[in-house]
Amino acid sequence: MRGRWEGTGYRQWPGQDKSEFFCQVEFNDNGGPFLHYLCQTFTVDAELRPAEPLWMEGGFWRPLADGVIEVSLSTEDGVAELLYGKVQPGRIEVVTDAVVRPPQAAVEYTGGRRLYGNVDGKLLWSFDRATTQHELQSWMWATLVRA
């Protein structure tokens with residue numbers, strides 16, 4: 001998964017219309033025992049090119065024993081999250097263990113699940129989220145190609 005991936009997908013949340021967006025995901029390393037991660041999403045123009053920033057998160061992925069992975073993330077509005085999951089052939093799924101959010105966070109995020117799947121050389125990405133008002137459910141999903 002190392003490198004940069006990009007493509008389009010959809011987002012939908014209760015009370016909002018389904019809309020298309022552009023997504024960039026990057027996994028980079030500096031030789032240390034972790035990967036640096038960045039995910040950025042944008043509205044799209046008529047040609048499905050990135051237009052205005054929507055949401056972003058960044059952080060670190062650390063492999064642990066027995067195929068377990070620890071992911072620490074933070075978003076542009078101050079939410080910090082710790083997730084755990086297991087590396088499996090062709091897919092990685094991580095689930096929230098803890099969330100810290102500031103009182104002024106735009107969304108009262110309480111937890112989530114991210115799925116990264118390698119299918120036919122493409123990266124399938126999805127983000128399910130829960131808030132104080134809604135149980136865990138699909139929020140954003142995209143099909144990405146290596147950039």
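**Hairpins, a barrel and aromatic pairs**

Q: What do S6 and S7 form, and which glycine is in the turn?
A: S6 and S7 form a hairpin. There are 2 residues between the two strands. Gly-90 is in the turn, with a positive phi of about 80°. Strands here are DSSP runs of E with at least two residues, numbered from the N terminus.

Q: Where do these coordinates come from?
A: This is a predicted model: local features need pLDDT of at least 70, side-chain atom pairs count only at pLDDT 80 or more, and totals for chains, interfaces and linings use all residues. Residues are numbered from 1 along each chain as its sequence is written, and side-chain values use heavy atoms, with hydrogens and water left out.

Q: Back to S6 and S7. How many bridges join them?
A: 9 bridges, and the two strands run antiparallel. (Two strands pair if DSSP finds at least two bridges between them.) Leu-82 faces a residue of S7 there: Ala-98 stands opposite.

Q: How many residues lie between the strands in the hairpin of S5 and S6?
A: There are 4. Gly-78 in this hairpin takes a positive phi near 95°.

Q: And S7 to S8, how many bridges?
A: 5 bridges, with an antiparallel run. S7 holds residues 91-100. Its residue Arg-91 stands opposite Gly-117 in S8.

Q: Zooming out, what do the 10 strands close into?
A: A barrel. The order is S1-S2-S3-S4-S5-S6-S7-S8-S9-S10, and the pairing is antiparallel.

Q: New topic. Where is Gly-59 found?
A: In strand S4, residues 50-63.

Q: Is Gly-59 buried or exposed?
A: Gly-59 is buried, at a relative accessible area of 8%. (Buried is under 20%, exposed over 50%, partly exposed in between, using a 1.4 Å probe and protein chains only.)

Q: Which residues does Gly-59 touch?
A: Leaving out residues up to four places away in sequence, Gly-59 touches Leu-35, His-36, Tyr-37, Ser-72 and Leu-73. Contact means heavy atoms within 4.5 Å. As for Leu-38, 21 residues away along the chain, its C-alpha atom is 6.6 Å from that of Gly-59.

Q: Aromatics next. How many aromatic pairs?
A: The structure holds 14.

Q: What about Tyr-37 and Tyr-116, stacked or edge-to-face?
A: Their planes are at 90° and their centres 6.1 Å apart, so the pair is edge-to-face. This pair also links distant parts of the chain, 79 residues apart: Tyr-37 is in strand S3 (residues 35-44) and Tyr-116 in strand S8 (residues 109-119).

Q: Buried or exposed, those two?
A: Tyr-37 is buried, at 0% relative accessible area. Tyr-116 is buried as well, at 1%.

Q: Which residues form one aromatic cluster?
A: Phe-27, Tyr-37, Trp-61 and Tyr-116.

Notes. Rings of Phe, Tyr and Trp (its six-membered ring) pair if their centres lie within 6.5 Å; planes under 30 degrees apart count as stacked, over 60 as edge-to-face and the rest as tilted.
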